[in-house]
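User: I am new to this structure. Please take me through it in short steps.

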Amino acid sequence: MKQPNDYQTVGCKECANGSLLGFDFSMALQPIVDVRQKTVFAQEALVRGLAGESAASVFSMVNDSNRYRFDQSCRVKAIKLAAELDVNCMLSINFMPNAVYKPELCIRTTLDAAEQYGFPINQIIFEITESEKIENNDHLRNIVKYYQQQGFKTAIDDFGAGYSGLNLLADMQTDLVKLDMALIRHIHLDRTRQTIVKGILQVCADLGIEVIAEGIEEAEELKALEDLGITLFQGFYFARPAFQSIAEVPASCYNA
């Protein structure tokens, strides 16, 4: 991990234009829908190249020397885009736990961006990707606790596909959990996956954690998951990520 003096608050302008990174990138938005309310619950900000290139093409340029500044830039760009598009629901931003030195320092740029662009902090969700191996669970627990104290929502992304699984929930309770698409694919045909998801839902219910099912591609998957009690969903079935814009969710998608 870098030394403390490498972790300085960076300005919104520098983060927004990528001048601190040596490369620039943009964002796409993908909706997370609430089928019970028939509305968009959140928009997830997803990294893209300046011409809409894949996230992988951008992440290939991220390394230990620029990880912190990249993480900060992602936050600022997501908030700036959401404000420009007048997003009036939650905004979900992925963050890199291993890029955060001290949460109280690393969050300053986010708070400055929210103030500068006029986006409410109580509409921001920070997603922890479980596919990134966490170097220090105590450190991550402190990050989650601090972010929640500041009024942000927190979520575990890709739950069920990463390094920690239920152990992560044992150490910290986020506000939301996003089930990985590997658990979702063809779940209507797979009793084993149904049983696993049912168990996760019970654990999350007992802990007061909301569950989002991501990676929905078929109406049958949606119906099976609705039958299990899930109401928050994300996936190509509803809308693909929209580059620098907001995707429309067809009304028919709310009814499995």
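Predicted model: local features only at pLDDT ≥ 70, side-chain atom pairs only at ≥ 80, totals over all residues.

User: Which residues of helix α10 are buried, and why are they on the same side?

Analyst: Buried means under 20% relative accessible area, exposed over 50%, and partly exposed in between (1.4 Å probe, protein chains only). In α10 (residues 219–227), the buried residues are Glu221, Leu222, Ala224 and Leu225. They sit on the same side of α10 because their arc, taken from the directions from the helix axis to the C-beta atoms, is only 165 degrees.

User: How many of the residues in strand β4 are buried, and which way do they point?

Analyst: In a regular strand the side chains alternate between the two faces of the sheet. Strand β4 (residues 124–129) has 6 of its 6 residues buried. Ile125, Glu127 and Thr129 point one way, and the other way point Ile124, Phe126 and Ile128.

User: Which residue of β5 is the bridge partner of glutamate 127?

Analyst: Two strands pair if DSSP finds at least two bridges between them. β4 and β5 run parallel, joined by 5 bridges. In β5, the partner of glutamate 127 is alanine 155.

User: Which residues touch the most other members of the largest nonpolar core?

Analyst: A nonpolar core is a set of buried Ala, Val, Leu, Ile, Met, Phe, Trp, Tyr and Cys residues joined through side-chain atoms within 4.5 Å. The largest one holds 69 residues. Helix α3 (residues 67–84) gives its largest share, 8 residues. The residues with the most contacts to other members are Phe70 and Phe233.

User: Is aspartate 158 buried or exposed?

Analyst: Aspartate 158 lies in strand β5 (residues 153–159). Its phi is positive, about 55 degrees, although it is not a glycine. With a relative accessible area of 17%, aspartate 158 is buried.

Notes. Residues numbered from 1 in each chain as written. Heavy atoms only, no water. Helix = DSSP H or I, 4+ residues; strand = E, 2+ residues; numbered from the N terminus.
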